[in-house]
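The sequence and structure come first.

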Amino acid sequence: MQRTSKYIFSLLGLLLLPFIGLANYILVPMDVTQTNHLKAYGITYWVLQKDVEAEWLLNFRGGSFLFKYAQEFENEMIVRGVSYDVISDADALQIKREIEHPEANMDIMRLDVPPKIAVYSPPSKMPWDDAVTLVLTYAEIPYDVIFDDEVIADLLPKYDWLHLHHEDFTGQYGKFFRAYGRQKWYIDNQKKFEASAQKHGFSKVSQLKLGVAKKIRDFCAGGGFLFAMCSATDTYDIALSAEGVDICDFMYDGDPADPAAQSKLDYSKTFAFKDFKLYMDPYKYEYSNIDNQYYERGLTEGNDFFKLFSFSAKWDPIPTMLSQNHQQNIKGFMGQTTAFKKHLVKSDVIVMGETAEANEVRYIHGTYGKGTWTFYGGHDPEDYQHLVGEEPTDLNLHPNSPGYRLILNNILFPAAKKKKQKT
């Protein structure tokens, strides 16, 4: 009986060999059937690290990924809990034919080399968490933490992609003075920033941060990819527009702000925003009128959503990539900078997500020189109102977060190269 069983299993193995041979691709679906969308990005990044080309199937089942089959890859899918399908050459060819049909709003982007990622973040622990570092860690995508020393030392060209942590580029320490100015963490942070400014030859922290902002601008001009969230978005543009203008009051830099600061702003230097008005009150927990306030928005957690736009995959592949998702309506979430007033966004900026009812945009993109930038309003896509000192979000509870997916779209974007169209 034992010999018969072995014979039957051996025969079954021989019969199945031709079918296994046909199973030459792994398809990672990114629609609602995917059990862990966030780790799926990490798997794709890991495959690229193995010097294996992947393909991003834009608008096909939520923006699925496709790459050559290997047992190692399948094992890793199982370990990380990512859904996948093993398909044959014929199945893969049929999918590609469907995508390449002229009337199909789909396209194929080849992913070649995994981008080298840097996160601009203070070396000391701050009493808040950053959504990008949380999701990179959860997705198992490697990154380096850099800060002012590295940027001033011109190390940015080592990287392809840069994220700006919850940061204030105006030199006003997040305008936290009224609420936290007597807290030890705030005082220590201010001392460290002032020492750093002096070390790099700047008399004020605002001048150091402007110097950093200009280095980042040059990084983009040279072909770098910039991604920013929350207050790093509007403060970055404010800093660029206020070059040579003192917009900081005495508790931030030791002397009063220029009373004519508003009239001296140069909007031509900004990436995204125009015609904004500064909030010069040093005790007001806002920088300018760019951010749409809760009392202006008229929204609550129950009805706060923003809608992703649909783009032509074949003609507008960049915003299509950045907007890949399994949901079009994304839960809103607050931050020091939550959303951008639509009338203050420059006309050449691509709006990828908006809340039309509140006349605000949440997710925008543009080019600068040879590079690109993307701004995403809000602090944490799975914590509606994340407060200073709260525990970080546990992404094990949100493996399919559509809000976090938008961050990871930006991570893979620098690896993409469009396939040549057949003639």
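## Helix packing and pocket

Leu38, Lys39 and Gly42 of H2 meet Val135, Tyr138 and Ala139 of H5, where contact means heavy atoms within 4.5 Å. Helices are DSSP runs (H or I, at least four residues) numbered from the N terminus. The residues of this H2 contact with H5 divide into four nonpolar, one polar and one charged; Ala, Val, Leu, Ile, Met, Phe, Trp, Tyr, Cys and Pro count as nonpolar, Asp, Glu, Lys and Arg as charged, and the others, Gly among them, as polar.

This is a predicted model, in which local features need pLDDT of at least 70 and side-chain atom pairs count only at pLDDT 80 or more, while totals for chains, interfaces and linings use all residues. Residues are numbered from 1 along each chain as its sequence is written, and side-chain values use heavy atoms, with hydrogens and water left out.

Axes are lines fitted to C-alpha atoms, for helices over the stretch in contact, and angles run from 0 to 180 degrees between N-to-C directions.

| Pair | Axis distance | Angle |
|---|---|---|
| H2 (residues 37-49) and H5 (residues 131-139) | within 8 Å | roughly 70° |
| H5 and H14 (residues 402-412) | within 10 Å | roughly 75° |
| H2 and H14 | 9 Å | about 10° |

H5 and H14 are roughly perpendicular to each other, a term for angles of 65 to 115 degrees, whereas those under 35 degrees count as roughly parallel. Their contact is made by Ala131, Val132, Leu134, Val135, Leu136 and Ala139 of H5 with Tyr404, Ile407, Leu408 and Ile411 of H14. By class, these residues are ten nonpolar, no polar and no charged.

In the contact of H2 with H14, His37, Leu38, Tyr41, Thr44, Tyr45 and Leu48 of H2 meet Tyr404, Arg405, Leu408, Asn409 and Leu412 of H14. Seven of the residues there are nonpolar, three polar and one charged.

The largest pocket has a volume of about 640 Å³. A pocket is an open set of points on a 1 Å grid over the protein atoms alone where a 1.4 Å probe fits, with protein on both sides within 12 Å along at least five of seven lines; lining residues have an atom within 4 Å of a point. The volume is the space filled by probe spheres set on the points, which are joined across faces, edges and corners. The lining has 26 residues, of which Tyr285, Gly335, Gln336, Gln385 and Leu387 lie nearest the centre of the pocket. Helix H7 (177-180) and helix H12 (294-297) are the elements that give two or more residues to this lining. H7 gives the most, with three residues. The lining of the largest pocket has twelve nonpolar, nine polar and five charged residues.

Key: Angles under 35 degrees count as roughly parallel, over 145 as roughly antiparallel, 65 to 115 as roughly perpendicular and the rest as oblique.
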